Amino acid sequence: MVEAVQDAGVVVTGAGGGIGAALARRFAAEGARVVVNDLDGDKAKAVAEQIGGIPVPGDASAIVGDARDALGGTIDVYCANAGVAFEDGGRGGPLDERSWEVSWDVNVMAHVRAAHQLLPAWLERGGGRFVSTVSAAGLLTMIGAPSYSVTKHGAYAFAEWLSLTYRHRGLKVHAICPQGVRTDMLAATGSAGDLVLLPTAIEPDAVADALFRGMEEDRFLILPHPEVAEYYQARATDPDRWLSGMNHIQRRWEEAR
């Protein structure tokens with residue numbers, strides 16, 4: 001148990017299913033008061049009813065004020081979990097402007113907007129916790145998904161910046177970077193996800209478990225798939241060799257399509 005979660009006001013965006021729902025369930029089970037956000041109002045309400053939470057449906061970029069009011073004026077933990085993914089970079093090339101626009105807005109700017117609204121109160125009182133659901137793609141990359149890969153790199157970089165800038169003022173930041181997780185998003189990745197992610201995919205509850213272990217140990221980087229640390233090290237140590245390996249996977253994907 002993470003003692004700081006007891007009776008904490010927690011917001012989880014994109015919590016109508018998948019990782020977000022698992023995070024909401026876990027926080028509620030640990031005694032937190034949880035706002036469940038999702039664009040799909042029915043899904044948000046269903047999860048909230050299951051866990052005794054408060055549904056606040058709507059765009060994740062614009063719900064901080066409503067969520068704060070629903071929690072009685074204070075948000076202690078904000079989980080920036082909502083995300084989008086597109087398979088938009090196969091043989092046709094990397095330019096699908098709509099997917100880039102939506103990916104940038106949801107995967108990066110929603111985090112920036114939330115932090116902008118949360119930071120004044122957190123810094124004034126000397127405490128707060130920002131949890132960013134990134135992806136292993138934010139540390140590595142993902143074949144066939146340029147807008148997802150690039151914006152998840154951005155989400156990770158923003159989480160790093162928050163941590164290095166405000167940790168001495170009481171802000172705790174966690175970046176969750178799983179590989180495949182058995183969610184609707186994984187199903188939507190198509191053949192690329194089947195090749196790269198599905199073989200080692202884990203359940204959403206395993207991601208929540210990894211986050212809570214990381215919070216207990218006060219760790220920034222949360223790796224539900226521990227092997228990602230080795231891949232990340234290999235990428236940094238010998239980028240050309242790593243890129244050649246990824247290109248081999250790309251070619252396997254193209255040949256199978």
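Tutor: Helices (H or I, at least four residues) and strands (E, at least two) are DSSP runs numbered from the N terminus. This is a predicted model, where local features need pLDDT of at least 70, side-chain atom pairs count only at pLDDT 80 or more, and totals for chains, interfaces and linings use all residues. Residues are numbered from 1 along each chain as its sequence is written, and side-chain values use heavy atoms, with hydrogens and water left out.

Now, the axes of H1 (residues 18-29) and H8 (residues 204-216) come within 8 Å and cross at roughly 50 degrees. H1 and H8 are therefore oblique to each other (under 35 degrees is roughly parallel, over 145 roughly antiparallel, 65 to 115 roughly perpendicular, and the rest oblique). In contact terms (heavy atoms within 4.5 Å), H1 residues including Ile19, Leu23 and Phe27 meet H8 residues, among them Val207, Leu211 and Met215.

On to the sheet: seven strands form an open, parallel one, ordered S3-S2-S1-S4-S5-S6-S7. Two strands pair if DSSP finds at least two bridges between them. S3 (54-55) and S7 (221-222) are the edges, each with a single partner strand, so one side of each has no neighbour in the sheet. Further in, S5 (residues 128-133) and S6 (residues 171-176) pair in parallel over six bridges, and serine 132 has alanine 175 in S6 as its bridge partner. Finally, helix H2 (residues 41-51) lies across S2 (33-36) and S3, running at about 165 degrees to S2.

How values were computed
Axes are lines fitted to C-alpha atoms, for helices over the stretch in contact, and angles run from 0 to 180 degrees between N-to-C directions.
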